[in-house]
Amino acid sequence: MAITFEQVNFSYGQGSLSQPILKDISTTIPSGKITAIIGQTGSGKSTLVQHINGLLKPTNGKVIINDFELTSQTKEKQLVALRAQVGMVFQFPESQLFANTVLEDVMYGSLNFGQDHLAAKEAAQAALTMVGLPSQHWDKSPFALSGGQMRRVAIAGTLALNPPIIVLDEPAAGLDPLGQAELVKLMLNLKKQDKTVVLISHQMDQVMTVADWTLVMHQGQVIAAETPTTLFNRPLSWFKKVHLDLPTAGQFAQQLMAQGWQFKERPLTLEQLAQAINQEVTIHE
Ligand SMILES: Nc1ncnc2c1ncn2[C@@H]1O[C@H](COP(=O)(O)OP(=O)(O)OP(=O)(O)O)[C@@H](O)[C@H]1O
Ligand SMILES: [Mg+2]
């Protein structure tokens, strides 16, 4: 279920009003892995991922999603097949909750796709279990839940359809640390089930923890496609240029270096930082 962009250009609007937003993007999102898309605000991340389920179509070029080819010529009717493959979780998805109970909300998509009541219920229960929402909440109104719980219900609604590709646009935005940790668990769980996960994130610690592959967007282009470790070992000047941060451990190490510490490699996780500090201290003793 790899996703390949081939010379994709995209503009919102037409004619003289059109402005190129995606510029000549050729890249591949690997199947069965977690790919993080990062980049400063307005760099085109949300626009890019909306090409994965055909919500937007390339103005030029094509996107190949498994064996589906999306071009400017693709008809709405053909998109039904694509949408069954790609589950999309938008920013603040809880704003789309509407049903009387949590369970009904999560069942809605499956029923809409023509599943019978029992199958839809079982899929919804499995999805709610997967997002870690305890069953005592399933018969409640979704609006009686906390923000983080509502977010999980909304994500369950997408997972219940069991799509092989799941796209999450800033799923952790506004969640407390516990909610964010739950989300990391969920993404790793999805990967275990061989899903292809695409995650837009502004949190470099999260990217470092979960991502197998990263795409960096800058002014409508993909300017880096590599593992998080390779990425976060790029020179500091590069991060300044593209307005991105290092993971917290890397920033911390940077501060220590400003005070004369030396590290063989830039630590990128808490574990690596602790180990590097330990080595430094040992050397000085
Ligand atoms: N519906 C639209 N019509 C016209 N221009 C748009 C539309 N949506 C986005 N844009 C423009 O396209 C560019 C890319 O926007 P996009 O939302 O893809 O960025 P992003 O990387 O997701 O940013 P953020 O991190 O803030 O979510 C921006 O300049 C934005 O103003
Ligand atoms: Mg966005």
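Guide: Before we start, a bit of bookkeeping: Ala, Val, Leu, Ile, Met, Phe, Trp, Tyr, Cys and Pro count as nonpolar, Asp, Glu, Lys and Arg as charged, and the others, Gly among them, as polar. Also, this is a predicted model.

Visitor: Got it. How do the residues of the shell around ligand 1 divide into nonpolar, polar and charged?

Guide: The residues surrounding ligand 1 are Y12, I21, Q40, T41, G42, S43, G44, K45, S46, T47, E170 and H202. Sorted by class, the shell comes out as 2 nonpolar, 8 polar and 2 charged.

Visitor: Which helix gives the most to the shell around ligand 1?

Guide: Among the residues around the ligand are K45, S46 and T47. The top contributor spans residues 45–49 and gives 3 residues to the shell, and that's helix 1.

Visitor: How far is an oxygen atom of ligand 1 from an N or O atom in the side chain of S46?

Guide: Let's go through a few pairs. The side chain of Y12 has an N or O atom 3.4 Å from a nitrogen atom of ligand 1, and for S43 a backbone N or O atom sits 3.3 Å from a ligand oxygen. For the side chain of S46, the distance to a ligand oxygen is 2.9 Å.

Visitor: And what share of the accessible area of ligand 1 does the protein cover?

Guide: On its own, ligand 1 has 630 Å² of accessible area.

Visitor: Which residue takes a positive phi just after helix 10?

Guide: Helix 10 covers residues 248–258. Just after it, a phi of about 100 degrees turns up, and the residue is G260.

Visitor: Last one: is E226 buried or exposed?

Guide: E226 lies in strand 10 (residues 221–226). The cut-off for buried is under 20% relative accessible area. E226 has 13% relative accessibility, so it counts as buried.

Terms used. Residues numbered from 1 in each chain as written. Chains lettered and ligands numbered in written order. Predicted model: local features only at pLDDT ≥ 70, side-chain atom pairs only at ≥ 80, totals over all residues. Heavy atoms only, no water. Near = heavy atom within 4 Å. Polar contact = N/O pair within 3.5 Å; in protein donor to acceptor, adjacent residues only side chain to side chain. Areas by Shrake-Rupley, 256 points an atom, 1.4 Å probe, with all protein chains shown as cover. Helix = DSSP H or I, 4+ residues; strand = E, 2+ residues; numbered from the N terminus. Buried < 20%, exposed > 50% of the residue type's maximum accessible area, 1.4 Å probe, protein only.
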